[in-house]
Amino acid sequence: MTFLRLTGKKETDQGTEKYMPAAAEVLQYRKRTETEILIMDKIASFQVNHLNLMPGLYLSRTDTKGQCTASTFDLRVTAPNREPVMDTPAIHTIEHLGATFLRNSGRKEEVIYFGPMGCRTGFYLVVFGDQTAEDVYPLVMEMCDFILAFEGKIPGARPEECGNWSEQNLNMAKYYIRRYRQELAENKRLTYPE
Ligand SMILES: [Zn+2]
């Protein structure tokens, strides 16, 4: 991808001369840029139909490079576009507590990353290895139990440790995780809908 330059360059007898491109030239450029975006691959997570996606734990993608395989899980907490999204302070608290739990758990060596989705309907958990949702289900349930039982100061929520330290909401974090855990226990949706 390239970015729109407001000046063009043109060869003259005196050498290179800068000039403002004509409107038609800018339009032509924009058309080309849109075409470039259109031919870019739609990434896997955008191919999931979000209209019938329900709260659950799904394998989003598996990536392999050389000897290393990583599995990315979609921890979908709310039904996209049909339920209210999670509020940001609660997401932040779930991120701090979830990451703290995962990185101290018996399976900490497998954990690559845990963090929120930009749409605020869930989280991503990335682990080493070719794993299924069933494989990480007990770990995610334990993470929920840890968050639900947590009391006291949120780990990593001090100004020197976090970029927006005071934006936390433990009660709301527990509210979302209580609902999510119940969904996982009762409905246990582990495969994406067709
Ligand atoms: Zn933080």
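**A helix and the core around it**

Helix H3 has 15 residues and reaches 21 Å from its first C-alpha to its last, close to the 21 Å expected at 1.5 Å a residue. The expected span is 1.5 Å times one less than the number of residues. Helices (H or I, at least four residues) and strands (E, at least two) are DSSP runs, numbered from the N terminus.

This is a predicted model: local features need pLDDT of at least 70, side-chain atom pairs count only at pLDDT 80 or more, and totals for chains, interfaces and linings use all residues. Residues are numbered from 1 along each chain as its sequence is written. The pLDDT is the predictor's confidence in each residue, from 0 to 100. Its mean over the protein chain is 90, and 83% of the residues reach 70 or more. Over residues 1–6 the pLDDT is below 50. Beyond near neighbours in sequence, that stretch has 2 contacts in the model. Two residues are in contact if their C-beta atoms, placed from the backbone, lie within 7 Å. Where pLDDT is low, the predicted coordinates should not be read in detail.

Now the overall layout. The protein chain holds 5 helices and 6 strands. From the N terminus on, they run β-β-α-α-β-β-α-β-β-α-α. Of the 194 residues, 24% count as buried. A residue is buried if 20 or more other C-beta atoms lie within 10 Å of its own, exposed if 12 or fewer, and partly exposed in between, with C-beta atoms placed from the backbone.

Back to H3. Its buried residues include Ala-90, Ile-94, Leu-97 and Phe-101. The buried residues of H3 pack against strand S5 (111–116), S6, H4 and H5.

Which residues touch the most other members of the largest nonpolar core? They are Ile-94, Ala-173 and Tyr-176, in a core of 28 residues. Such a core is a set of buried Ala, Val, Leu, Ile, Met, Phe, Trp, Tyr and Cys residues joined through C-beta atoms within 7 Å. Among the elements that each supply at least two residues are strand S3 (56–65), helix H3 (88–102) and helix H5 (170–186). H4 gives the most, with 7 residues. Leaving aside neighbours within four places in sequence, Ile-94 is in contact with Phe-123, Ile-147, Ala-173, Tyr-176 and Ile-177.

Asn-81 has a positive phi of about 65 degrees although it is not a glycine. Asn-81 lies in the loop between S4 and H3. Asn-81 counts as exposed because it has 11 C-beta neighbours inside 10 Å. Lys-188, also not a glycine, has a positive phi of about 40 degrees. Lys-188 is in the segment after H5. With 13 other C-beta atoms within 10 Å, Lys-188 is partly exposed.
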